[in-house]
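Let's take a walk through this chain together. Have a look at the picture first, and then we'll go through it piece by piece.

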Amino acid sequence: MSSNRTVSLSAFTVTRPTDTRQSEPDRGEPWKDQAACRTWDFTVGDPWFTPIPGKKGRDRWPLVARSMCDECPVKAMCARDAMTYEERSGEGRFGFVGGLTPEERSALALLGKGATA
Ligand code: SF4
């Protein structure tokens, strides 16, 4: 039960309400098994989607999220998955995911569009 919940944290759930993540089906991406955030106990809170009021940039996100993402072995895949979801859904960018703030992911998306234009 708890492993299902923690597996569902990362990038691909970025714009979805917290209460739906537990029912999110495993999409079979093996990289998720290596996600650093799998070890986090979400019963104590969700630092990836709970910004700190009054802070800006990376400081806006709790240190635990920044630390775990920065050390995560699948950070690049997570970021790519999040950005793909964000682009396709059109729901916006939320949370500190793949080691990137929403603003950083927006900037990367713009750079990517410029490269393919
Ligand atoms: S980069 Fe961060 S949000 Fe993504 S899987 Fe790793 S720890 Fe989780």
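Helices here are DSSP runs of at least four residues and strands are runs of at least two, numbered from the N terminus. Counted that way, the chain has 5 helices and 0 strands. Reading along the sequence, you get the pattern α-α-α-α-α. Keep in mind that this is a predicted model.

The mean pLDDT of the chain is 80, and 74% of its residues reach 70 or more. Where pLDDT is low, the predicted coordinates should not be read in detail.

**The overall fold**

Of the chain's 117 residues, 32% count as buried. Take the contacts between residues at least 6 apart in sequence: 62% of them join residues at least 24 apart.

**The core**

The largest nonpolar core has 17 residues, and those with the most contacts inside it are Trp-48, Ala-65, Cys-72, Cys-78, Ala-79, Phe-96 and Val-97. Two elements give two or more residues to this core, helix H3 (63-71) and helix H4 (75-89). The largest share, 4 residues, comes from H4.

**A closer look at H4**

The buried residues of H4 are Lys-75, Cys-78, Ala-79, Asp-81, Ala-82, Met-83 and Glu-86. Thr-84 also sits in helix H4, but this one is partly exposed, because 13 other C-beta atoms lie within 10 Å. Just after H4, Gly-90 takes a positive phi of about 70 degrees.

**Around the ligand**

Which residues are closest to the ligand? There are 16 around it, and the closest are Ala-35, Cys-37, Cys-69, Cys-72 and Cys-78. By class, this shell has 12 nonpolar, 3 polar and 1 charged residues. H3 and H4 turn up here as well, each supplying at least two residues of the shell. Cys-72 and Cys-78 are also among the residues with the most contacts inside the core.

**Two spots in one loop**

Cys-37 lies in the loop between helix H2 (18-21) and H3. Is Cys-37 buried or exposed? Cys-37 is buried, because 24 other C-beta atoms lie within 10 Å, and the cut-off for buried is 20 or more.

Pro-51 is in the loop between H2 and H3 too. With 19 C-beta neighbours inside 10 Å, Pro-51 counts as partly exposed. Setting aside neighbours within four places in sequence, Pro-51 is in contact with Arg-60 and Trp-61.

**Some pairs to find**

| Pair | Apart in sequence | C-alpha to C-alpha |
|---|---|---|
| Cys-37 and Trp-48 | 11 residues | 9.3 Å |
| Pro-51 and Trp-61 | 10 residues | 5.0 Å |
| Thr-84 and Ala-109 | 25 residues | 9.4 Å |

Note on methods: Residues are numbered from 1 along each chain as its sequence is written. This is a predicted model: local features need pLDDT of at least 70, side-chain atom pairs count only at pLDDT 80 or more; totals for chains, interfaces and linings use all residues. A nonpolar core is a set of buried Ala, Val, Leu, Ile, Met, Phe, Trp, Tyr and Cys residues joined through C-beta atoms within 7 Å. A residue is buried if 20 or more other C-beta atoms lie within 10 Å of its own, exposed if 12 or fewer, and partly exposed in between; C-beta atoms are placed from the backbone. A residue is near a molecule or strand if its C-beta atom, placed from the backbone, lies within 6 Å of it. Ala, Val, Leu, Ile, Met, Phe, Trp, Tyr, Cys and Pro count as nonpolar, Asp, Glu, Lys and Arg as charged, and the others, Gly among them, as polar. Two residues are in contact if their C-beta atoms, placed from the backbone, lie within 7 Å. pLDDT is the predictor's confidence in each residue, from 0 to 100.
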